[in-house]
Amino acid sequence: MTILNWARARARPLRAASLAVLCAAAWSLAPSVGAASPLSLPQALERAANEDLAQPGVRARLAAGEAAVRQAGVRPNPTVGVDVENVLGSGPRSMIDGAETTLYYEQTYERGGKRNARIDLARAELTAARRRADVLRLNLLHNVQVAYAEAVAAEAGLLIAEARYMAVITAQADIDRRVASARDPLFAGARAETETARAEIARDQARTAARTTRAVLAAFWGGSPDFELDLSPFFNVSLDAVAAAPLDGPDLALLAAERDIAAARVGVERSRSVTDPTFRAGARYFQQDGEVAIVFGGSIPLQRDNATRGAVDRAQSERTAAEADMTAAMIGRDREIARLRARLAAAADEAGRLRDEVIPAAQTTVKLVREGFNRGGFQYLDVTEAERLLADARARRVEVLRSFHLEQAALDHCRIRLDWPTPRIAL
């Protein structure tokens, strides 16, 4: 099961990519499902998402963006002031009795859609912050999916190493009996012991690799590597996901948000080219005779040159660049999806043929050679060669399946676009 499956289960009302249906037959070495409830990919994704340490920072950035939207809608504050004139002058105005005091209220009125342009820009930046959060979350889950595929492949490799070790142990027991009965020379027994030692080393290395990859996976949620993995989806692969129609990925959504930011900045810079008038009204008090009068006034900046021309040109160029980046990214995504689909199809075909043609033939060869060896018709080298061919075929299938799941993870990362649910996995 891939990230797509987990996303649909977690956010069913939201848009997600189509699921990959696992419908092929399992490999003969795949373990049966026990009662221990092995860890599945959706469970691993859930644990990693709930322990994502980047989410507090993401929530803070989104809160900052929402505050910026509120602030963008605030109109200019009015001004209240006092002017005192004709104080301590010369002649008849040498005393304070000739002073004139004006108390006024002043307000600037925005024109050219400045407030709406600011709001549009702040909303576009908030959307971009959400898309960046999506990219961060999808990158995390992609890494978890890759780590899970590596861990399951290592577990499958351990199955091969253990099967190889058991086969070598059985062969050594047979050769020991033949040496004891003087049917084979002593060096045949020494060769069997060497082969057993090599198989034991390979098994121990496979155990270490399996535990190491589980530890890498568990590090995403700070857990212990002492858990079982669900191997059945690893051996059961399907091409349904390869034929699924791609959706806009999070990277493309982020580029679209950045394009909208550039377009909103064009509107902001254009609105700044329109000057804003300021109006004033107040009351003037004449100290000499105690009279009061109402005064009005206003001002508007003069634009001898177009002071915002360069800023508008810059914003338009940034919008053009953003649109070009998005077009190039879409072409690159389609090219990458085509490449991944081809590799997935090739891997699925090879894995199926190894399972249906090569491995059964190798198993038959091992059976026939072992029966002939027990009758005295073959040598020990024939047995080891047959066992090696079977182990190589099984190892090749595991490697092909590993590549399939890694390519599947890359394809999911190209195709998904998710708006994450908020109950437990909140941004």
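**Reading salt bridges, a sheet and nonpolar cores**

Guide: Glutamate 100 is buried, at 17% relative accessible area. Buried means under 20% relative accessible area, exposed means over 50%, and partly exposed lies in between (1.4 Å probe, protein chains only). The model is predicted, so local features need pLDDT of at least 70 and side-chain atom pairs count only at pLDDT 80 or more, while totals for chains, interfaces and linings use all residues. Residues are numbered from 1 along each chain as its sequence is written, and side-chain values use heavy atoms, with hydrogens and water left out.

Visitor: Which residue forms a salt bridge with glutamate 100?

Guide: The general idea is that side chains of opposite charge can pair when their charged atoms come close. A salt bridge here is a side-chain nitrogen of Lys or Arg within 4 Å of a carboxyl oxygen of Asp or Glu. The partner of glutamate 100 is arginine 284, with 3.9 Å between the closest N and O atoms. Glutamate 100 is in strand E2 (residues 100-108) and arginine 284 in strand E3 (residues 278-286), so the pair ties together parts 184 residues apart in sequence. Helices (H or I, at least four residues) and strands (E, at least two) are DSSP runs numbered from the N terminus. Arginine 284 counts as partly exposed, at 22% relative accessibility.

Visitor: How many salt bridges does this rule give?

Guide: The count is 29 salt bridges. One network of them links Asp83, Glu106 and Arg280.

Visitor: Where do arginine 203 and glutamate 200 lie?

Guide: Both are in helix H5 (residues 186-218), three residues apart, which is about one turn of the helix. Arginine 203 is buried at 13% relative accessibility, whereas glutamate 200 is partly exposed at 34%.
Helix H9 (residues 309-375) holds another pair, glutamate 357 and arginine 353, four residues and about one helical turn apart. The salt bridge between their side chains has an N to O distance of 3.4 Å. Glutamate 357 is partly exposed at 44% relative accessibility, and arginine 353 is partly exposed at 46%.

Visitor: What does valine 358 touch, leaving out residues up to four places away in sequence?

Guide: Contact means heavy atoms within 4.5 Å. Valine 358 touches Arg353 and Ala393, residues up to four places away in sequence not being counted. Valine 358 belongs to helix H9 and is partly exposed, with 37% relative accessibility. Between the C-alpha atoms of valine 358 and alanine 393 the separation is 6.8 Å, although the two are 35 residues apart along the chain.

Visitor: What is the order of the strands in the open sheet?

Guide: Strands of a sheet pair through backbone hydrogen bonds, either parallel or antiparallel. Two strands pair if DSSP finds at least two bridges between them. The open sheet has four strands in the order E1-E2-E3-E4, with antiparallel pairing. Strand E1 (79-85) and strand E4 (292-299) are at the edges with a single partner strand each, so one side of each has no neighbour in the sheet. On average, neighbouring strands are turned by 20 degrees against each other, direction ignored. Axes for such angles are lines fitted to C-alpha atoms, for helices over the stretch in contact, and angles run from 0 to 180 degrees between N-to-C directions.

Visitor: How many bridges join E1 to E2?

Guide: Seven bridges join these antiparallel strands, E1 and E2. Glycine 81 has tyrosine 104 in E2 as its bridge partner. E2 and E3 pair over nine bridges, also in the antiparallel sense. In E3, tyrosine 285 is the bridge partner of threonine 101, and alanine 281 is that of tyrosine 105.

Visitor: Which residues touch the most other members of the largest nonpolar core?

Guide: In soluble globular proteins, nonpolar side chains tend to be buried together. A nonpolar core is a set of buried Ala, Val, Leu, Ile, Met, Phe, Trp, Tyr and Cys residues joined through side-chain atoms within 4.5 Å. The largest has 38 residues, and Leu217, Trp221, Leu229 and Phe234 touch the most other members. Elements giving two or more residues to this core include helix H2 (41-50), helix H4 (114-180) and helix H10 (380-415). H4 gives the most, with 10 residues. Leucine 217 touches, among others, Leu39, Val144, Tyr148 and Phe227. A second, separate core has 13 residues, among them Ile175, Val369, Val383 and Ala393.
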